[in-house]
Amino acid sequence: MTPLKLQVSFESVFKKFGDREVIRDISCDIQHGQVLVVAGPNGSGKSTFLRIAAGLLKPDSGNVQISVNNIRFDPQAYRTQLGYLSPDLTFYNELSAVENLLFFSSLRGIRLHHDDLASILEMVGLRGRGRDPVSAYSSGMVQRLKFAFAVLHHPPLLLLDEPTSYLDEPGFRMAEKIVKSYKQNGIIMIATNDAREKEWGDLTLSLG
Amino acid sequence: MGRSNAFIGVDMVAQPNSSPHNGTTLPIIHQTLLILRKDILLELRNRAAIQAILLFSITTLIVVGFSAGGGANLPPDTLASLLWIILFFSAFSGLSHVFIREEESNTAIALRLTSEANAVLWGKLLFNTLLTFVIIIIIAPLYFIILNAPIVQPGKLALSLLTGGIGLSVSATIIAVIIARSHGKPALFGAIGFPILLPMLFIAVDATRLTFQSYSNINVLNRDILGLASFDVLMIVTAGLLFPYVWESE
């Protein structure tokens, strides 16, 4: 199989909400193996930038292209393939973590075996808690589950919005380990203002 | 790791250990069934919709039964109208949950990241249709017994309930998604739904009324049932065309 080569390009992207221009004329290229840190004060458009990259929002003008081995996709078409973590992402409280992960991986056409589930829960520090309903989880545990959801399908494009919110020190190290190991797989974009998270980046985009 | 999870054993994936980059994607029909299955499981665990529906429908049924004094003297058009009023408001008290729940709890984001828009529509539509028929199966026989309704044409009555029920559930589904995506209040649901459903309700009431009369014109009854079926097709096509835009709207 040909090794995957990913590139993400933003060309003169604008986005406004009402009269307020949140993203103004952003152009950048991110190459395979790079980590882009998107920084800026609150309300500067970090989350909006990631949502545009994820195909959850459309820019008012400009283009976003995701190239996989020189085949171009727009973010909306590529959406089901990428990994996404954000504060507004939530799971079904009535289901357990395992049921949530199985449901979403099944929708993506991936059959998860018990060993896969066990290793992913181990990786995010939820071993032994996978059968608990999500409603019984603390904020930190939900954040760990979001990591499991984001990397479950080994996405080459990983979008992380405030990835270490609610995480304790072991949780921070877990996040760092995931970022370092997934960096080789493709591209990671991180929206953050945390000084330690900023150190993970190869490129920095300052907004606002 | 335990094996009692609801989604373990789901045998509708493309390839074992498939990666999104090896060219396999899950067909919409399989995604639809997964979403339907998930919604049934959530409903069995929290009973949000079915409790709202049963609370409304049973209460209304008892009030109508008492005030009509057994219904022996009620004319067929009143009997038919009361039945559809109960079914309409019962359905609308619960059917909105299925989308509004996804938006209010923000689970719609994960759904948008993992599934095709049309799979979400058909999954939700199937769930609402299933729920509507649960309501009809519970409410209609109780109604006929309590109000002593004279059913002359049971086959045609079943057809009118079937076609009317599908119309209710499809309309409710598409109205629910519009309200949910526009962050509107659930209270808007009935207000928006009523005018859309008014033509269908008129035909459904007329068809049901005719099934209570031994001297009814069979051609008019057939025309009514055909009218209801046409409304269903129109609403299904409209939902299929409209939904991807509403689902992707910001």
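The following dialogue examines how several terms apply to a predicted model.

Tutor: This is a predicted model, in which local features need pLDDT of at least 70 and side-chain atom pairs count only at pLDDT 80 or more, while totals for chains, interfaces and linings use all residues. Residues are numbered from 1 along each chain as its sequence is written, chains are lettered from A and ligands numbered from 1 in the order in which they are written, and side-chain values use heavy atoms, with hydrogens and water left out.

Student: Why is Asn70(A) called exposed?

Tutor: Exposed means over 50% relative accessible area, buried under 20%, and partly exposed in between (1.4 Å probe, protein chains only). Asn70(A) has 74% relative accessibility and therefore counts as exposed. Asn70(A) lies in the loop between strand 4 (61–68) and strand 5 (71–73) of chain A; strands (E, at least two residues) and helices (H or I, at least four) are DSSP runs numbered from the N terminus. Asn70(A) also has a positive phi of about 70°, although it is not a glycine.

Student: What makes Glu102(B) buried or exposed?

Tutor: Its relative accessibility is 2%, so Glu102(B) counts as buried. Glu102(B) is placed in helix 4 (residues 97–104) of chain B.

Student: How do you know that the side chain of Glu102(B) makes a polar contact with the side chain of Lys124(B)?

Tutor: A polar contact is a pair of N or O atoms within 3.5 Å; within protein, one must be able to donate a hydrogen and the other to accept it, and residues adjacent in sequence count only if both atoms are side-chain atoms. The side chains of Glu102(B) and Lys124(B) form such a pair at 2.5 Å.

Student: Why are helix 1 of chain B and helix 6 of chain B called oblique to each other?

Tutor: Angles under 35 degrees count as roughly parallel, over 145 as roughly antiparallel, 65 to 115 as roughly perpendicular and the rest as oblique. The axes, which are lines fitted to C-alpha atoms over the stretch in contact, with angles from 0 to 180 degrees between N-to-C directions, come within 8 Å and cross at roughly 45°. The two helices are therefore oblique to each other. Residues making the contact (heavy atoms within 4.5 Å) include Ile35(B) of helix 1 and Lys124(B) of helix 6.

Student: Which residues have the most contacts inside the largest nonpolar core?

Tutor: They are Phe10(A), Phe49(A), Leu157(A) and Met189(A), in a core of 148 residues. A nonpolar core is a set of buried Ala, Val, Leu, Ile, Met, Phe, Trp, Tyr and Cys residues joined through side-chain atoms within 4.5 Å.
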